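This report covers aromatic ring contacts.

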Amino acid sequence: MTTQMPVFRLLLAISAGLILTGLPAPSRAQNIVVMVNGDPITDFDIEQRSKLDTLTTQKTPSREQVINELIDDKVKLKEGKKYGVDPTISDVNQSYEGMAQRMRISPDQLTKSLEVKGVRPETLKSRMKSEMVWTSLVRGRFKEKLMVGERDVAQAVGDKLQIEGTEYKMQPIVLIVPRGSSPAFVETRHKEAETYRSRVGSCEEANSLFRSTPNATIRDSVTKTSAELPEALRKVLDDIPVGHLTAPEVTKAGIEMVVLCSRKPTMIDTPKKREVRDKMYQEKYEKTQKAYLDDLRKAAMIEYRNR
C-alpha cells in the first residue's frame with residue numbers, strides 16, 4: 001500500500017510537473033473496478049489519479065498503487081464523516097485557491113494547467129479533501145499519543161547539547177528625534193534619556209512614565225533567550241539590574257533604550273532540539289496514521305470487480 005503525499009507537499013511537485021509535455025485526453029470509461037463500502041471506483045477515477053500522480057511525482061505509478069490510493073481515500077472520507085470531519089466544497093475550494101496562490105498563479109490558471117495535462121481539477125480537489133480529513137482525524141484522535149515530551153527530546157539530543165541559557169523579557173523605548181534635527185537637539189534628548197534612567201526602577205514605572213511622556217514611545221514587551229541575542233547585547237542585559245534601562249543609543253528612530261523586565265535561567269530551545277522534536281513527531285505521526293489506516297482497511301467492505 002502506498003502512502004499518499006500530503007496536500008502541502010503537492011505544491012512543489014505540481015509546480016514542476018506542469019511544465020511537462022501534455023498528456024492524452026482522458027477516457028470517459030465508467031467501468032466499475034472496485035466497490036469500497038458501497039462507493040464505486042471506476043476506470044476513469046483510476047486514469048485521473050494516475051495522471052495526477054505522474055504529474056506530481058514525475059513517476060508513473062502502477063495500476064495497483066493507484067487503486068490502493070483511491071481505496072484509502074474512500075476509507076478516510078467515510079471515517080471522517082463518522083466523526084463529523086467533512087470539509088465543505090467551500091473549504092476545499094479555499095485550499096485549492098491557497099495552493100494556486102503559493103504557486104503565484106490564479107486558481108483559473110491552475111485549473112487550465114491541469115486540464116492541459118488531462119487532469120480534471122476535481123481530481124486534485126478530491127485528493128486534497130481526503131488529506132484534509134485524514135490530517136484532522138489523526139491529529140484530533142491521537143493528540144496525546146503524538147505529543148513529544150521534552151525529556152524524550154533531551155535524551156535524544158544528549159547532555160552535551162542541553163545548554164542552559166537566560167530568558168530576557170524587555171520593552172524597547174524610543175525618545176523621538178525628528179529627521180533633520182540639529183546635533184544640539186539630539187544632545188538635549190540624550191540628556192533627557194539619562195535623566196529618565198535614574199528615575200526608572202521597574203517595568204511598571206517605565207510604562208507609567210513613558211506612556212504619558214510627549215514624543216516618547218514604549219513598545220510591547222518581547223521575550224528572547226540568550227541563544228537569540230548577540231553577545232554584546234547579552235552582556236549589556238546581564239550587567240544591568242532588572243527593572244532598569246540600558247544606556248541610550250542614537251538610532252534612525254531617535255534615542256533608544258530597553259527596560260529589562262525580567263531575567264531568568266532557562267533551557268535553550270536550540271535549532272538541534274527543534275529538529276529532533278520535529279523528527280520525533282513525524283515518526284510518531286507516520287506510525288500512528290499507518291496503523292489507523294490498516295485497521296480501517298481491514299474493517300472496510302472492499303469488493304474487486306475488474307482489476
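Y285 is buried, at 10% relative accessible area. Buried means under 20%, exposed over 50%, and partly exposed in between, with a 1.4 Å probe and protein chains only. Y281 is partly exposed, at 26% relative accessibility.

The model is predicted: local features need pLDDT of at least 70, side-chain atom pairs count only at pLDDT 80 or more, and totals for chains, interfaces and linings use all residues. Residues are numbered from 1 along each chain as its sequence is written, and side-chain values use heavy atoms, leaving out hydrogens and water.

Y281 and Y285 form a stacked aromatic pair, 6.4 Å centre to centre with 25° between the planes. Rings of Phe, Tyr and Trp (its six-membered ring) pair if their centres lie within 6.5 Å; planes under 30 degrees apart are stacked, over 60 edge-to-face, the rest tilted. The two tyrosines are four residues apart in helix α12, so about one helical turn separates them. Helices (H or I, at least four residues) and strands (E, at least two) are DSSP runs, numbered from the N terminus.

## A pair across the sequence

The aromatic pairs number four. One of them joins F142 and Y292 edge-to-face, at 5.1 Å between centres and 75° between planes. F142 lies in the loop between α6 (121-141) and α7 (143-146), and Y292 in α12 (271-299), so the pair ties together parts 150 residues apart in sequence.

Both F142 and Y292 are buried. Ring pairs link W134, F142 and Y292 into a cluster.

## A charge over a ring

K125 lies over the face of Y96, 4.7 Å from the ring centre. The criterion is NZ of Lys or CZ of Arg within 6 Å of the ring centre and within 35 degrees of the ring normal.
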